[in-house]
Protein chains: 2
Amino acid sequence: MMRILKRLLLALTLAFSLAPAVADPLPSWSDAPAKQAITDFVDAVTTEGSEDFVPVPERIAVFDNDGTLWVEQPMYTQLAFVLDRLKEMASEHPEWQEQQPYKAALEGDQEALGEAGMEGLMKLLMATHAGMTSAEFAGLAADWIGTARHPRFERPYTELVYQPMLELLEYLRANGFKTYIVSGGGIAFMRPWTEQVYGIPPEQVVGSQIELAYEVQDGKPVIVRQPEIAFIDDKAGKPVGIMRHIGRRPLLAFGNSDGDYQMLEWTTAGPGSRLGLLLHHDDGEREYAYDRESHFGRLDRGLDDAAEKGWQIVSMKRDWASVFPNAGPQAGQ
Amino acid sequence: MMRILKRLLLALTLAFSLAPAVADPLPSWSDAPAKQAITDFVDAVTTEGSEDFVPVPERIAVFDNDGTLWVEQPMYTQLAFVLDRLKEMASEHPEWQEQQPYKAALEGDQEALGEAGMEGLMKLLMATHAGMTSAEFAGLAADWIGTARHPRFERPYTELVYQPMLELLEYLRANGFKTYIVSGGGIAFMRPWTEQVYGIPPEQVVGSQIELAYEVQDGKPVIVRQPEIAFIDDKAGKPVGIMRHIGRRPLLAFGNSDGDYQMLEWTTAGPGSRLGLLLHHDDGEREYAYDRESHFGRLDRGLDDAAEKGWQIVSMKRDWASVFPNAGPQAGQ
């Protein structure tokens, strides 16, 4: 009797959870191919008795962050954080006024920064991301994200997340998926705010990492961030990051650049129904238009191979009825 | 109305979930100090309005595996797997008959193995754990765990998990905790069976790791296990592994050896109510008796410092009414 009652309650609860699904869980998605591909896929893997049915614990969906969940132009948001941090730290580092690549970063000298290359970028990253405890860094990232504004849209970066993607994350979770971020960005930069902004808890964020060391300082245990790269969660690193953190092959992977190519490839090569999606930034009016030639979020090989691989190209222009949440008057429109 | 109904249903569902708690969720724990400490702690962090109340998403509990969730004597189970694998592979490696440390491993020559030291062990580990895809290794681990038997108890290793710990894991989950394994053992060795045996899914297993490489072989994407250590999840590595994978400080940490010292230290140094526990293997009759002098699962510093640190020593003899699940007639009793 108790068991029957529990089942009934569960069924009722599930019915209520599914109620919003009936009322279009993806209102910011236009009635266009991408939306159809998504709902077809979710129906297939969640319908009991369907040959593509997948049990709840195996429903894993992975999302790139920069350019997939939020804006990555005119530069990666984390890079804006680096530049702001350098300015804040400059008074304690008078030598940076003459020393590259710090000088270039402080002066916004793009050309000199370009010349400093990857090695220069690493120096800037380590100067701003290492040498403090994990708790201190989380505080810095949270403070910055709470106050910084995007140069074009003049809104906090956390409001420049894509409304259709927020709906998709919620829709997948309502259908039993665990949603993960798998980003080339720094794991510690994202974790302080992903739960509030995306509903993705810190333990479901996979990203690039620097080395960490456990220490007891004056009797107080701390984790200290070391100036050394531990893992780059980009390109062929993404399937590796997924294996390390999740240990299961995802059912759905959503990216927007060639940095996501291997993540989609690995995901969609799995047996049964899988879905790979690439957001194509083709909407310079509402957001940005870029692909094969972009410094940030370059999408080239993915565009070439999507059809052959069966990946869904999501056109921002065609597939998204709206772009940002709470769409009030926005700069640049 | 709908909302009220939903709340009512939720309340009813919660009430039902809690019903077993009333009927003693920890029947294999004796009415002794450890059980009291556990239930007091869980009550404190889950009672709304309590000053120690912690919201569900932050309820993280971490467990060592070897010697905490299952038997680690007469040797780590993963080492038994290594030795069995070497025997299976020996016919393809005639050179091992003369070459150390393989010769010693094949002959069970403990002395020569000891002489080979950590470097020798690494060679054995790499010979058996690298050079295949992640999927192939998962198959090998799953096959072995399904057939291997413990030398003393003559039962599958997966039946030599501790019944009181299974109850504790379930009790914590029923109270909104996410339960994690944080083990010095290999993450890929554990993941194939932890969900079935402990109810802990692969994404909640943290362990030592070798390097992985993503490759496309004959058009098929695979993840290949590389003969190089990527991360040792032991001692000071445990808080680092927790930070990498979870990104939150746990509320509860349960271990049994000095390899768990820093995990308990990091956990219990957090603000609010925290619980650190160390299982003391003091029951040679029902299981094994070992601590300060043991090769596997040595517990020395932890015993010395537990009182000062406020950690709960769990005496197998005193605190556990039963040790293994489905306690039929067992060898060695």
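By what turn and what shift along the axis can chain A be laid on chain B? This predicted model answers in the first view below.

**View 1. Chain A laid on chain B.** A turn of 180° with a shift of 0.0 Å along the axis places chain A on chain B, and the RMSD is 0.0 Å. That is the relation of a two-fold axis. Of the interface residues of chain A, 100% are also interface residues in chain B, so the two copies meet through the same surface.

**View 2. The largest cavity and its lining.** Searching the whole structure turns up 1 cavity of 30 Å³ or more, and the largest cavity holds about 30 Å³ of space. Its lining is made up of A:Asn65, A:Asp66, A:Trp70, A:Thr77, A:Gln78, A:Gly185, A:Phe189 and A:Met190. Helix H3 (77–89) and helix H8 (187–198) of chain A are the elements that give two or more residues to this lining. By class, the lining residues divide into 3 nonpolar, 4 polar and 1 charged.

**View 3. The open sheet of chain B.** Here 7 strands of chain B run in the order S4-S3-S2-S1-S5-S6-S7, with mixed pairing. Strand S4 (220–231) and strand S7 (312–315) of chain B stand at the edges; each has a single partner strand, so one side of each is left without a neighbour in the sheet. On average, and ignoring direction, neighbouring strands of this sheet are turned by 35° against each other.

**View 4. Strands S3 and S4 of chain B.** Strand S3 (residues 205–217) of chain B pairs with S4(B) in the antiparallel sense, over 8 bridges. Look for B:Gln217, which stands opposite B:Lys220 in S4(B).

Notes: Residues are numbered from 1 along each chain as its sequence is written. Chains are lettered from A and ligands numbered from 1 in the order in which they are written. This is a predicted model: local features need pLDDT of at least 70, side-chain atom pairs count only at pLDDT 80 or more; totals for chains, interfaces and linings use all residues. Side-chain values use heavy atoms; hydrogens and water are left out. On a 1 Å grid over the protein atoms alone, a cavity is a set of points where a 1.4 Å probe fits but cannot get out, and a pocket is an open set with protein on both sides within 12 Å along at least five of seven lines; lining residues have an atom within 4 Å of a point. Grid points are joined across faces, edges and corners, and a volume is the space filled by probe spheres set on the points. Helices (H or I, at least four residues) and strands (E, at least two) are DSSP runs, numbered from the N terminus. Ala, Val, Leu, Ile, Met, Phe, Trp, Tyr, Cys and Pro count as nonpolar, Asp, Glu, Lys and Arg as charged, and the others, Gly among them, as polar. Copies are superposed by least squares on the C-alpha atoms of residues with pLDDT of at least 70 in both. Contact means heavy atoms within 4.5 Å. Two strands pair if DSSP finds at least two bridges between them. Axes are lines fitted to C-alpha atoms, for helices over the stretch in contact, and angles run from 0 to 180 degrees between N-to-C directions.
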